[in-house]
Amino acid sequence: MSRIGKRPVTVPSGVTATVEGQTVRMKGPKGQLQFVVHDDVDVKFENGAVKVAPRVETNRAQALYGTARAQIANLVAGVTKGFEKKLEITGVGYRAALQGKNLQLELGYSHDVVYAIPEGIAITVPKPTEIVIVGNDSQRVGQVAAEIRSYRPPEPYKGKGVKYSDEFIFRKEGKKK
């Protein structure tokens, strides 16, 4: 049995939760989110908390109900606090700037990379070498951060590129003569 799945997700005040069939909807100060739970997982809203349980005793149901509980907890966190990812740019001449609804990245290519910011995501550039991505959906914030990082992933010899702020780049030693 999943230890995470056993615990109910408490819904704080200021957040409204509805469960209709397999769809869980949360509405709070940061917006509205929904998640469709797999058919092998039973979901109920009672006493101000959302509870999940496996419908059948199969390995698949056991694996999915802990994941469903974590997704529902992310919905609650998203509509109350939101999620944030920070990226750091390292390299001579590498920088980022906002231009309206686009993020312009200078990453050492012959051209600037222009990234269109999707709806529901806010990107700020406090410094030319720092990007902050904010939104209420954990998956979308992580996906946007991964897409921006993929334009120039950090390389192990000089450490140049776009990396997460908490990421450690294992440095390699170069060639020896």
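## Basis of the report

A residue is termed buried under 20% relative accessible area, exposed over 50%, and partly exposed in between (1.4 Å probe, protein chains only). The model is predicted: local features need pLDDT of at least 70 and side-chain atom pairs count only at pLDDT 80 or more, whereas totals for chains, interfaces and linings use all residues. Residues are numbered from 1 along each chain as its sequence is written, and side-chain values use heavy atoms, leaving out hydrogens and water.

Because Tyr115 belongs to strand E10 (residues 113-116) and Tyr151 to the loop between helix H3 (138-150) and strand E13 (161-164), the pair ties together parts 36 residues apart in sequence. Helices (H or I, at least four residues) and strands (E, at least two) are DSSP runs numbered from the N terminus.

Tyr115 is buried at 6% relative accessibility, whereas Tyr151 is partly exposed at 28%.

## Nonpolar core

A nonpolar core joins buried Ala, Val, Leu, Ile, Met, Phe, Trp, Tyr and Cys residues through side-chain atoms within 4.5 Å. The largest has 21 residues, and Ile148 is among those touching the most other members. H3 gives this core its largest share, four residues.

Beyond neighbours within four places in sequence, Ile148 has contacts (heavy atoms within 4.5 Å) that include Leu103, Tyr115 and Val162.
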